[in-house]
Amino acid sequence: MKEIKEKPRVRIAPSPTGPFHIGTARTALFNYLFAKKNKGSFILRIEDTDKERSKKEWEDDIIKSLLWLGLTWDEGPNPKDTNQEIGSFGPYHQSKRKEIYKKYLKKLIEEGKAYYCFCSPEELEAKRQYFMSIGQPPRYDGTCRNLTKQEVEKKFQEGKPFVIRIKTPEKKLSFVDLIHGKIEIDTSLLGDFVLAKGFEEPLYNFACVIDDYEMKITHVIRGEDHIPNTPKQILIQEALNLPRPQYAHLPLILGPDKSKLSKRHGDVAFSQYIKKGFLPEAMLNFMAFLGWNPGDEREFFNLYQLIEEFSLERCQKSPAIFNIQKLIWLNGHYIRKKPIKSLTRLCIPYLVEAGLIKPLYEATAKLINNNHYNHSDEIKDTYIVVETQEKISFSYIQKIIEIYQERLKYLAEIPELVDFFFKKELSYPKELLFWKEAREKETLKALKTLKTLLSKIKKEEWHKEKLAEIILPAAERFNEKNRGYLLWPLRVSLSGKKASAGPFEIAEILGKEKTLKRIEAAQILIKKEEK
RNA sequence: GGCCCCGUCGUCUAAUGGCUAGGACACGGCCCUUUCAAGGCCGAAAUACGGGUUCGAUUCCCGUCGGGGCCGCCA
């Protein structure tokens with residue numbers, strides 16, 4: 001494909017009528033990659049023309065999510081103060097652009113390319129039904145198209161509400177899509193569609209065309225569900241004599257049932273993924289591969305590498321099913337690669353939220369409470385274990401996180417994995433202590449052996465290497481066929497879980513005193529139930 | 001129903017007018033191992049169907065079938 005000579009200007013134009021959607025995030029990413037790859041501009045425009053449904057909280061959600069991903073925009077709302085804007089083609093909220101739309105609407109009316117329509121919703125519904133019943137696409141029949149000046153005047157006098165419709169010329173229209181190639185449609189199927197409700201409320205297709213023009217958008221990169229809108233938008237451009245941007249329609253993201261990913265598939269809200277503890281690196285890498293690939297077998301890409309490699313030519317035509325398993329796998333990969341200090345910082349809010357620990361200082365508490373978007377350093381602090389009221393340090397927590405780093409798939413899992421470190425007493429069925437066919441007797445014996453062995457280790461030597469040095473040979477002596485007879489009860493008595501990190505690393509973190517206490521607790525558990 | 005888009009393992013995908021159609025996730029097995037992970041090895045698994053063009057089509061063309069999107073005074 002030809003090189004892009006002009007510096008491209010692209011936009012992501014979400015409407016703040018609900019939680020920021022995973023599909024919108026993917027579209028944003030592709031726009032961003034295209035812009036950065038070609039040294040162009042990435043613009044954020046808030047499409048809030050639907051004043052009933054648009055809410056500030058959703059706009060904040062959009063902004064937060066994009067920033068979290070690191071997809072910063074060159075023009076749009078100022079992320080530091082959303083009442084301000086950056087860029088010289090604003091305003092970037094459609095709700096603030098009414099006067100601009102009005103100007104173009106008037107021009108169309110004056111030139112006879114659009115007209116007032118006074119038909120009521122009821123009348124239109126009836127017509128729609130009729131067309132459907134005879135197997136025709138439902139479209140406006142043009143009742144008001146040829147109203148005389150006097151008739152229009154009269155309706156105005158009566159104070160009848162009106163909409164503005166375009167006079168759609170009947171013709172074959174085609175456009176070149178950068179992903180799909182040439183797309184042709186017959187405009188007679190479109191009818192005279194509505195541009196705006198009165199002069200004050202422009203509708204999507206109209207506002208979009210005007211803004212794209214005024215903001216000098218060169219490439220419209222959006223979801224495939226917009227293909228049917230494209231001919232309408234081109235018709236508006238032609239009526240107004242505006243240049244046509246290039247179009248690229250990305251394949252849709254599908255749910256497991258192969259229909260467009262939507263609320264009923266569950267987690268489509270982007271913030272859910274942030275809360276669950278997916279990392280931006282994983283989300284970026286994953287979303288990029290939904291409809292794009294580098295053409296070889298590399299599979300890990302950071303944002304900069306994506307910018308380097310991205311091209312629309314390598315975009316897929318066919319839709320992709322959102323495969324959560326692969327996201328989880330990728331996330332595990334990025335968690336393993338995360339520096340341990342950063343990972344600990346990311347995990348702490350989850351531990352706090354689960355009520356396992358709490359920050360000693362109010363300031364930290366506030367910071368954590370705020371959200372999971374925070375990656376800041378301030379989180380290094382002293383914490384209090386809720387159940388025991390012990391003070392613990394950041395580095396103590398770090399040791400715990402470290403032994404779970406390769407097991408973690410997403411951050412929200414961390415509390416259930418490590419909760420036993422913060423519990424006063426563990427509760428688990430005694431059968432969990434039994435290795436293979438071992439029962440009370442053998443297990444008691446194992447626990448007793450462990451206690452004797454561990455008691456002899458000096459506090460200064462209490463680290464996992466020393467523990468292994470002592471316990472491992474003992475385990476072989478205990479049962480020459482299988483070390484599990486000694487090691488399994490150790491691990492279970494310390495963690496209370498059937499799956500966990502290794503017993504020596506756990507014991508090291510727990511310390512001598514607690515380790516011995518937990519072994520005793522296990523002995524008591526077995527004995528108590530024997531009676 | 002009309003119009004439009006799409007069709008390679010279950011999923012994300014690579015390849016090409018010509019080697020046994022490659023990789024990844026998930027799945028199964030084995031190894032490692034005290035468990036769970038991680039890691040290593042192995043395995044099962046796909047060109048929707050029918051015609052054409054061609055020496056040769058998964059690839060190009062046509063049709064069928066299948067899936068999806070859109071058909072608002074929502075975006």
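Author: Start with the contacts of glutamine 94. Leaving aside neighbours within four places in sequence, glutamine 94 touches Arg45, Ile46, Glu47, Asp48, Thr49, Tyr101, Ala207, Cys208 and Asp211. This is a predicted model, and side-chain atom pairs count only at pLDDT 80 or more. One such pair is polar: the side chains of glutamine 94 and glutamate 47 are joined by a contact of 3.1 Å. Glutamine 94 sits in a loop, between β4 (85-86) and α3 (98-110). Is glutamine 94 buried or exposed? Its relative accessibility is 1%, so glutamine 94 counts as buried.

Now the open spaces. The largest pocket has a volume of about 1,100 Å³. Its lining takes in 36 residues. Ser15, His21, Thr24, Asp225 and His226 lie nearest the centre of this pocket. Which elements supply at least two residues each to the lining of the largest pocket? They are β1 (9-12), α1 (22-37) and β11 (219-223). Of the elements, α1 gives the most, with four residues. By class, the lining of the largest pocket has 14 nonpolar, 13 polar and nine charged residues.

The second largest pocket holds about 470 Å³ of space. It is lined by 21 residues. Nearest its centre are Lys424, Glu425, Leu426, Arg518 and Ala521. Helix α20 (residues 512-530) provides the largest share of this lining, nine residues. The lining of the second largest pocket divides into nine nonpolar, three polar and nine charged residues.

How many cavities of 30 Å³ or more does the structure hold? It holds two. The second largest cavity has a volume of about 40 Å³. Its lining consists of Leu433, Phe434, Trp435, Ala438, Glu442, Thr443, Ala446, Phe478, Tyr485 and Pro489. Two helices, α16 and α18 (484-495), each supply at least two residues of that lining. The most comes from α16, with three residues. By class, the lining of the second largest cavity has eight nonpolar residues, one polar and one charged.

Lysine 436 is not a glycine, yet has a positive phi of about 50°. Lysine 436 lies in the loop between α15 (414-418) and α16 (440-456). Its relative accessible area is 51%, so lysine 436 is exposed. Lysine 258 also has a positive phi, of about 70°, although it is not a glycine. The loop that holds lysine 258 runs between β13 (253-254) and α8 (270-276). Lysine 258 is exposed, with a relative accessible area of 62%.

Last, the cysteines. The count of disulfides comes to zero. The cut-off for a disulfide is a pair of sulfur atoms within 2.5 Å. Cysteine 119 counts as buried, at 13% relative accessibility. Cysteine 347 counts as buried too, at 0%.

Key. Residues are numbered from 1 along each chain as its sequence is written. Chains are lettered from A and ligands numbered from 1 in the order in which they are written. Side-chain values use heavy atoms; hydrogens and water are left out. Buried means under 20% relative accessible area, exposed over 50%, partly exposed in between (1.4 Å probe, protein chains only). On a 1 Å grid over the protein atoms alone, a cavity is a set of points where a 1.4 Å probe fits but cannot get out, and a pocket is an open set with protein on both sides within 12 Å along at least five of seven lines; lining residues have an atom within 4 Å of a point. Grid points are joined across faces, edges and corners, and a volume is the space filled by probe spheres set on the points. Ala, Val, Leu, Ile, Met, Phe, Trp, Tyr, Cys and Pro count as nonpolar, Asp, Glu, Lys and Arg as charged, and the others, Gly among them, as polar. A polar contact is a pair of N or O atoms within 3.5 Å; within protein, one must be able to donate a hydrogen and the other to accept it, and residues adjacent in sequence count only if both atoms are side-chain atoms. Contact means heavy atoms within 4.5 Å.
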